[in-house]
Amino acid sequence: MNSDAAVERSRTAGSGVSRRSAWIGLALIGALFLALRMPVMYHQPGGYDEDFYAVPGLTILQGGVPRLPHVPARNPESVFIHADHVLYSEPPLYFYFQAALYSLLPDVYGTARLTSALAGLALVACVYRLSLAAGAGCMASLAGTALFSLSRWFYFPAICARPDTLCALFGLLAILAVLRWRSDQRRRWLLLMGACLGLGGLTHFFAIIYAIQLGLIVAGSSRGWGRLVNPAVLTLTSIVVFCAWLPLIAMAPDIFREQLGNQLGDTSGGPMWLRAIAPWESFRYQLPVMWEHIGAIQCVIPAAALLFGAGLGIATRNSTLLLVGGLGLTAVYLICVFVGPDHPVYGYWVYPAGLMFVPLASALDAAARRLAQLTHRNSSATTPDPVHAIAGVILASLLGLAFLPGCGLRTLSVHLRHWNDINYDSPRFARALMDTLPPDEVCAVDAQFVLDFVAAGRPALLATDYPPYFRVDQAHFDTLIVSRHQIDLQLTQRLNVQLVRTEGIESDIFACYAEIYEPPAPQ
């Protein structure tokens, strides 16, 4: 059975679900995702890297340029050197999407996160379409997609103000385009694929991972002169789209060189060519980090499904399933190689995770069909069979129960119980905190609340002394406000400051908490 036959089979498989009903099911998955995540997105303080990624959308509205006004770094090793003038250490597309949402909604972390959430909804739809293309029935595709939307692989990147989810979306869109191109060889799909690669590159540098993968697929699937022409069309299209960054770069090319050199020039993990040949050290670092972050069950099930999908693709000659499985496996390898053994990443993994859940849908479909055949002798692979659908629902429900721990229900319940409590509402908490401070006072603020200070027009610095980012110990400030992030990193022990007061609830990790310090009075 080839991939085209698999797609046709998925449309007529015994899932008992019409296409219209399937899209209603997909809409319900999206609605459930927003219902579970939106309250937390808008009430939680800032988190991992959001002190950098949530701010540039605001400065675009103010002056058209992404900046980090609270990070006036001048130490030469910083990836954000001169980022208070213009930010180049990350591509800008995500920030322009963010700016569009800031123009409509409040200037809070929840709005910054909404960019990722909306990209996540589109990513969920791509996982569904890929599952259908790989031969899974509508019911199994919906089940696999629902599990993906509940998983910790998706949970964190989709509610975090970082560009990972948007970048992964362009990757899966490019994969859908390459599947269409392989079926009819029309060049318009190459152009669409190249546009997705360029947009991915404008979103985050990890787009290089799927650019390499799809470039090799296009070259390997072409014949004759197409082996030169088709990769050239793909490459040129992606470069043309990526060049949309050039007008911004032309504003300050020296700053661009400094920031990008510091961002991409780190060789502490050894040369990349050596990591590509011997990636074991990178594997030993990155994979245990994700195992601890995601959890054993949610690591084992999708990884096993990925291997199953690759094997099933070979056994059934389903080229789409084999392709998706191969892309997922090589994405894991490439992430480890490119990132190296000394820098943890979490959001990048949403791209291979989306691919892992495609063969999981195929595995659910195959298991449900087998179970239906065992319990209903007249079951047919081409005849709609309620037993098949019921078996699929049972299997998907069992997997869903395994995915419930760690899916954020406890966090949601805490915020709903304390909905009107200011200590569980980060924007209100930050406003109340600002009301206790003189408006012209320079405040060094931890990641949890720094966006609120910047959005309010307060003179603010980021409270960190990490040299690759910013050294607040080399800057003047009147007040230091630290929360759980810098308390864990013991920033105050390295600065000459004294505690004035505390705000919030220290004992509850879901609540807002801040410690306010001041430098000692001059003698």
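I began with R227, which lies in helix α12 (residues 226-242); helices here are DSSP runs of H or I with at least four residues, numbered from the N terminus. The model is predicted, so I noted that local features need pLDDT of at least 70 and side-chain atom pairs pLDDT 80 or more, while totals for chains, interfaces and linings use all residues. Residues are numbered from 1 along each chain as its sequence is written, and side-chain values use heavy atoms, with hydrogens and water left out.

**R227**

I looked up the exposure of R227 and found it partly exposed, because its relative accessible area is 49%; buried means under 20% relative accessible area, exposed over 50%, and partly exposed in between, with a 1.4 Å probe and protein chains only. Setting aside residues up to four places away in sequence, I found R227 touching A219 and S222, where contact means heavy atoms within 4.5 Å. I also checked R227 against I277, and their C-alpha atoms are 26 Å apart in space at 50 residues apart in sequence.

I then turned to R67, which is found in the loop between α4 and α5, and which counts as partly exposed because its relative accessibility is 22%. Beyond its neighbours within four places in sequence, R67 is in contact with V55, P56, T59, Q62, A83, D84, H85, V86 and L87. From R67 to L360, 293 residues apart along the chain, the C-alpha atoms are separated by 41 Å.

H82 is found in the loop between α4 (56-63) and α5 (93-102), and its phi is near 60°, a positive value in a residue other than glycine. I recorded H82 as partly exposed because its relative accessibility is 22%.

**Helix α5**

Seven of the ten residues of α5 are buried, so I noted this helix as largely enclosed by the rest of the structure. The buried residues are L93, Y94, F95, Q98, A99, L101 and Y102, and they pack against α3 (50-53), α4, α6, α9, α10 and α23 (450-455).

**Q185**

I looked for Q185 and placed it in the loop between α9 (164-184) and α10 (187-201). Its phi is near 60°, again a positive value in a residue other than glycine, and Q185 counts as partly exposed because its relative accessibility is 42%.

**Helices α17 and α18**

I examined helix α17 (residues 296-316) and helix α18 (residues 319-339), whose axes come within 8 Å and cross at roughly 145°; the axes are lines fitted to C-alpha atoms over the stretch in contact, and angles run from 0 to 180 degrees between N-to-C directions. On the α17 side the contact is made by L306, L307, G309, A310, L312, G313 and I314, and on the α18 side by L321, L322, V324, G325, G328 and L329. I sorted these residues into nine nonpolar, four polar and no charged, with Ala, Val, Leu, Ile, Met, Phe, Trp, Tyr, Cys and Pro as nonpolar, Asp, Glu, Lys and Arg as charged, and the others, Gly among them, as polar.

**Second largest cavity**

Last, I looked at the second largest cavity, which holds about 30 Å³ of space; a cavity is a set of points on a 1 Å grid over the protein atoms alone where a 1.4 Å probe fits but cannot get out, and lining residues have an atom within 4 Å of a point. Its lining consists of M41, Y42, Q44, V108, Y109, G110, S426, P427 and D452, and α2 (19-43), α6 (109-133) and α22 (426-435) are the elements that give two or more residues to it.

Conventions
1 Å grid on protein atoms, 1.4 Å probe; cavity = no way out; pocket = protein on both sides within 12 Å on 5 of 7 lines; lining within 4 Å. Points joined across faces, edges and corners; volume = space filled by probe spheres on them.
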